[in-house]
Amino acid sequence: MASPAPTFSSIDDVMERLARLGYIADRRIATALFLADRMHKPILVEGPAGCGKTELAKVAAASLGTELIRLQCYEGLDEAKALYEWEYPKQLLYTQVLRDKIGEVLAGAATLREAVERLVAQEDAFFSENFLLPRPLLRAIRADRRVVLLIDEVDRAEAEFEAFLLEVLSDFQVSIPELGTIRAAHVPMVILTSNNAREMTDALKRRCLYLHLSYPDAAREQAIVAARLPDAAPALIAEVVRVVQALRRLDLKKLPSISETLEWTRALAVLNAEHIDRDLCEQTLNLVLKYEGDLSRARDELDRILSVRP
Ligand SMILES: Nc1ncnc2c1ncn2[C@@H]1O[C@H](COP(=O)(O)OP(=O)(O)OP(=O)(O)O)[C@@H](O)[C@H]1O
Ligand SMILES: [Mg+2]
């Protein structure tokens with residue numbers, strides 16, 4: 001049997017392991033991950049888009065040297081897609097290929113009832129492991145070592161799905177009528193993310209550690225860009241971050257996230273820019289702001305923003 005995944009030894013250990021993977025966490029983030037690991041409690045990570053929620057789960061798995069199993073939530077997601085379903089096309093194919101054999105089993109049945117009963121007696125063959133299609137939750141429960149289970153964008157699924165999720169998260173066991181009860185040998189580390197499209201229920205929040213991931217301060221944002229884009233010049237990174245941080249103080253429809261800071265730095269590096277002057281800023285600001293209203297508001301403020309020195 002595979003050995004259980006290693007756990008974090010301290011909060012500093014979390015920060016160091018994540019940093020080695022290019023994820024710059026502050027102590028609050030590292031503490032949440034450390035506690036989730038030690039207390040076997042899920043973390044609910046909420047916050048605006050592009051601020052590192054999904055990435056946190058990916059690096060948590062990588063830093064523990066374990067598999068990441070991802071359940072992407074969407075409107076209409078149901079138990080069958082999240083937990084397991086029977087592989088109907090395969091069952092059908094087998095019944096066709098085995099038509100003769102099934103004919104033999106049914107041969108001589110005097111009545112329809114007798115034929116059905118004979119077929120029922122063979123049901124196990126078709127509702128067995130061979131025809132089971134495990135979905136992410138079941139895969140995480142059956143894993144032979146501790147995995148990280150990412151339940152991504154849980155706010156996109158309906159409230160009924162959340163209730164079902166609570167059940168799974170409370171005992172990590174599932175009952176498959178045809179196969180019996182399966183209980184997790186290794187409770188996964190669970191990270192749920194939400195963009196706040198819908199408020200999560202108190203019951204879910206009670207079960208989870210809560211982590212709000214929002215925009216980083218300038219120092220952490222510079223460290224993030226430097227970690228992700230090691231070839232970018234530190235002076236350019238500092239300038240990009242200063243402008244982005246100033247843009248976030250404007251009253252915009254969509255504030256720029258870490259993703260946009262990274263994209264902008266990448267673009268400026270492609271353009272061989274050494275620093276951001278007004279023209280360059282105007283020409284490339286569409287990498288940072290994606291609404292015309294936001295762009296025009298930012299253009300009105302550009303002189304002030306660019307004149308601010310650290
Ligand atoms: N602390 C961090 N250290 C390094 N990179 C980060 C950090 N936070 C975010 N990033 C980078 O920012 C980008 C966006 O992160 P991610 O996709 O995890 O955001 P998200 O919060 O899941 O967004 P969404 O809500 O849109 O799914 C990724 O490229 C990620 O690597
Ligand atoms: Mg995400």
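Modeller: Let's begin with Glu104, which forms a salt bridge with Lys101; their closest N and O atoms are 3.0 Å apart. Keep in mind that this is a predicted model.

Colleague: Okay, and in which helix do Glu104 and Lys101 lie?
Modeller: The two are three residues apart, about one turn of the helix. Both belong to residues 99-106, and that helix is α6.

Colleague: What about Glu301, which residue does it pair with?
Modeller: Look within helix α16 (residues 292-307), three residues along from Glu301, about one turn of the helix. The salt bridge there has its closest N and O atoms 2.8 Å apart.

Colleague: Now Arg27 and Asp12: how many residues apart in sequence are the parts they tie together?
Modeller: Their side chains meet in a salt bridge, 2.9 Å from N to O. Arg27 sits in helix α2 (residues 27-39) and Asp12 in helix α1 (residues 11-20), so the pair ties together parts whose separation in sequence is 15 residues.

Colleague: Which residue is linked with Lys81 and Glu85 in a network?
Modeller: That network is made of salt bridges. Side chains of opposite charge can pair when their charged atoms come close. The residue that joins Lys81 and Glu85 there is Arg135.

Colleague: How many salt bridges does the structure hold?
Modeller: We've looked at several, including the one between Arg27 and Asp12. For the structure, the count is 23.

Colleague: Let's move to helices α12 and α13: are they parallel or oblique?
Modeller: The axes of α12 (residues 218-228) and α13 (residues 234-247) come within 9 Å and cross at roughly 135 degrees. That angle makes α12, relative to α13, oblique.

Colleague: And is that crossing left-handed or right-handed?
Modeller: Here we follow how α12 passes α13. The crossing is right-handed.

Colleague: Last one: how many of the residues in the contact of α12 with α13 are nonpolar?
Modeller: From α12 come Ala218, Glu221, Gln222, Val225 and Ala226, meeting Ile237, Ala238, Val241, Val244 and Gln245 in α13. Two of the contact residues are polar and one is charged, while the nonpolar ones number seven.

Conventions: Residues numbered from 1 in each chain as written. Chains lettered and ligands numbered in written order. Predicted model: local features only at pLDDT ≥ 70, side-chain atom pairs only at ≥ 80, totals over all residues. Heavy atoms only, no water. Salt bridge = Lys/Arg side-chain N within 4 Å of Asp/Glu carboxyl O. Helix = DSSP H or I, 4+ residues; strand = E, 2+ residues; numbered from the N terminus. Axes fitted to C-alpha atoms, helices over the stretch in contact; angles between N-to-C directions. Parallel < 35°, antiparallel > 145°, perpendicular 65-115°, else oblique. Left-handed = near helix turned anticlockwise from the far one by under 90°. Contact = heavy atoms within 4.5 Å. Nonpolar A, V, L, I, M, F, W, Y, C, P; charged D, E, K, R; others polar.
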